[in-house]
Amino acid sequence: MFGLSEETGLKHVDNNRLMKVISFLFPLAIIFAVTFTFVWMFATGKPGYVLRGLFTGIPAILSCLFILYIYRKDVSLHDIDSFPSINIKSLTYVFSIFYIGSIVVLLLSQGERPWYYFIFILVMYLSVFLQIFSKEVKPSLVLLESFLIMVNLTYSVTFNYDFYFGTTDILPHIFLSEFTAVSGQTISTSLSDYAFFPLYHILVAETSVILNISAKSSLFLITAPIYAVVVIFLYYLFNHITHNRQISLLSCLLYSASYIVLYYGANVITRTMSFVAFIILLYLVYSVNFKEDKFSFKTLSVIVLIFLTLVHNVSILQFVLLLVILFASEYLIKAGDYIGKPFFLLLNVTYTAYWFFVAYLFMQRSLTPRLQSHFWDSIVLTAGGSDVLEESFIGLVGLLDKSVFLFFALIGIGFLLKNYRKNYAAVFGLFALLTLIFYIPNPLNTIWQFKVLFRVDRFMLFVSPFMAFVMGYGIYVFWNYMDKYSPKKFNTVFFVFVLFSIFVFISSVFSISDADMLGQSSKHEYFTANELSGFEHVYKYIPEGSAVYSDYYTTRYFYLPSIPEDSSGMNISIYDNYRIDNVSELSSYRGYVVFRTHEFLRSGLYFGSDESSTKETTNYFYRNTPANVIDLETNLTKANKIYSNPATDIFAPGPALSKPLRNSNLNNTLTGI
């Protein structure tokens, strides 16, 4: 017994020493890394990267200097009661008025979100923010309002535009859901590997049938509230850990305003739904340690675990990696072991057994090819990572929310690491530090092997709740410290209020770039009514099996068979889809060219691919320069225009190819992870 106790004591001493080293070195390491990176970028002649790095580097250095300063002070946290005289009922009235006003703005501005709509959103967020720091805060009301704002921002995109496609993965999921609804059965393995993971498409199909609406409307309608309800589970999870309502509510509000969270609100596809299941699963696992009725929570955990296994294919592997990092954080902090090893073992056994014994075709067709050696013979940058950065100051305004986040998040991490003893919140702080590389812009997101093969970019959403947690903690620590030690001339409330407003406004505007605001040209991740009319003309008059050339987003649309809503059968039209790889050779294409002329004249067209099949893909963005406009007109005058509307032109440059129906072509497009 004595020997065991001594060994345990020695390990505890070693952990104490290690945590002291980590808490002291981490701000110094960040200052050194940022300084070294700036010097290296100047030396290699990349001023554009330096300018971009200023928006994250300077806040990081300032927050680290602040951390080193507060390490020498005694900062005791207490409830912030800066707005005791504010009436909750008045703030609720303000929220309700501006919420209704935002809906009116959307109804009067079909097809766009004007700048003043985001002012309405900002006022709503500020009213919730004031409620959190008022004397009579009501958590249920704050969570309800946060939920409503998230749903508002989501529907302002998905139901405000004629056809929002976002990441373009929405398109195949609409088809698979519609197939499920029309056929009354899950899809076959010959159509897609999602046959092994059908729960998402069953959910959308059931809603479509019950409400008698299209699969597209069903997907957008039902997924938004399911995604937004995560904020409630996060509150109870954070409150279990911190026992502080203000920090928990503030973290949830910051989570709901995060740009990556808002972006995925309009892109709730299978991997997003698996994220929802993961957060609910974490809440249940942690609740086992805090609730008396442990059996019911364990039972629900198993049910959610099965749902997580059957809703998406590879996200569960990334969740396992995050749990391993969480395990390591628990081991170093020694504040409690809340993630049970039996649960972790059950998680791994469940998905591996299902993959090897049931979904083995998925393993063979989707996972194994990604491990081929030729994918790793050289490091390749993605098209986005190798693009020349825009160096204009106004074009970088969209990074301001990341600046505010990094400033407060590092303060929160530093405080938690310094005051880790008997404080499980420090586990989340260390976890956030170890996963910060997945959240902020960094070289990993530009390397093809990491971004495409192993989808490192998806970690941004998966770690976003923990980033909101440390940011909320950082604001709380900063506010407490400045109230105690700041000069009288420094107005802490005003400073935090302004930074919070910047964070919310920039996040909401730039999460989905669909409006030309703040000097930023919007991406228009949606099809307009005129574009859809042109696509419908293809389905009606162009023979099946014909070759259709277009930009990347249009090819993604024509990947899908057309299933008319008024048809009880499966009337499928499939085309051989090709992206335009050289505008100068349009006249030599044998087949039909679908050209989104209005979008080209507005901001240009992307002629490339999703880079998921090969790292040697040729991608380029065809900009609307005067030279390109002339070049395009010259080449298209040689073609036969067979259809035209204000947004879309269809040409037949040569005799149309007529090929037999090929299911293999469709299968290859839908088996991606």
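## Helix 3 and helix 5

In this predicted model, helix 3 and helix 5 are roughly parallel to each other, because their axes cross at roughly 10 degrees and angles under 35 degrees count as roughly parallel. The axes of helix 3 (residues 88–108) and helix 5 (residues 139–158) come within 11 Å.

On the side of helix 3, the contact is made by Ile88, Thr92, Phe95, Tyr99, Ser102, Ile103 and Leu106. Helix 5 contributes Leu141, Glu145, Leu148, Ile149, Asn152 and Ser156. By class, the residues of this contact between helix 3 and helix 5 comprise eight nonpolar, four polar and one charged.

## The chain as a whole

The protein chain has 673 residues, of which 57% count as buried. Its secondary structure consists of 28 helices and nine strands. When contacts between residues at least 6 apart in sequence are considered, 77% of them join residues at least 24 apart.

## Nonpolar cores

The largest nonpolar core holds 201 residues. Within this core, the residues that touch the most other members are Tyr125, Tyr227, Tyr255 and Leu410. Helix 22 (residues 464–485) supplies the largest share of the core, with 14 residues.

Which residues does Leu410 contact, leaving aside its neighbours within four places in sequence? Leu410 is in contact with Phe26, Ile30, Ala60, Ser63, Cys64, Ile67 and Leu436.

## Helix 18 and helix 19

The axes of helix 18 (residues 400–418) and helix 19 (residues 425–435) come within 8 Å. They cross at roughly 130 degrees, and the two helices are therefore oblique to each other. The crossing in which helix 18 passes helix 19 is left-handed.

Helix 18 takes part in this contact through Ile413, Leu416 and Leu417. These residues meet Ala425, Ala426, Gly429, Leu430, Ala432 and Leu433 of helix 19. The contact of helix 18 with helix 19 has eight nonpolar residues, one polar residue and no charged residues.

## Two residues with positive phi

Most residues other than glycine have a negative phi. Thr168, which is not a glycine, has a positive phi of about 75 degrees. This residue is found in the loop between strand 1 (163–164) and helix 6 (170–183). Is Thr168 buried or exposed? Thr168 has a relative accessible area of 1% and is therefore buried, since the limit is under 20%.

His243 also has a positive phi, near 55 degrees, and is a residue other than glycine. His243 lies in the loop between helix 9 (230–242) and helix 10 (245–257). The relative accessibility of His243 is 65%, so His243 counts as exposed.

## Val209 in helix 7

Val209 is placed in helix 7 (residues 199–211). With a relative accessibility of 54%, Val209 counts as exposed, because exposed means over 50%.

How far apart in space are Val209 and Glu178, C-alpha to C-alpha? The distance between Val209 and Glu178 is 9.7 Å, while 31 residues separate their positions in sequence.

Terms used
Residues are numbered from 1 along each chain as its sequence is written. This is a predicted model: local features need pLDDT of at least 70, side-chain atom pairs count only at pLDDT 80 or more; totals for chains, interfaces and linings use all residues. Side-chain values use heavy atoms; hydrogens and water are left out. A nonpolar core is a set of buried Ala, Val, Leu, Ile, Met, Phe, Trp, Tyr and Cys residues joined through side-chain atoms within 4.5 Å. Buried means under 20% relative accessible area, exposed over 50%, partly exposed in between (1.4 Å probe, protein chains only). Helices (H or I, at least four residues) and strands (E, at least two) are DSSP runs, numbered from the N terminus. Contact means heavy atoms within 4.5 Å. Axes are lines fitted to C-alpha atoms, for helices over the stretch in contact, and angles run from 0 to 180 degrees between N-to-C directions. Angles under 35 degrees count as roughly parallel, over 145 as roughly antiparallel, 65 to 115 as roughly perpendicular and the rest as oblique. A crossing is left-handed if the near helix is turned anticlockwise from the far one by less than a right angle, and right-handed if clockwise. Ala, Val, Leu, Ile, Met, Phe, Trp, Tyr, Cys and Pro count as nonpolar, Asp, Glu, Lys and Arg as charged, and the others, Gly among them, as polar.
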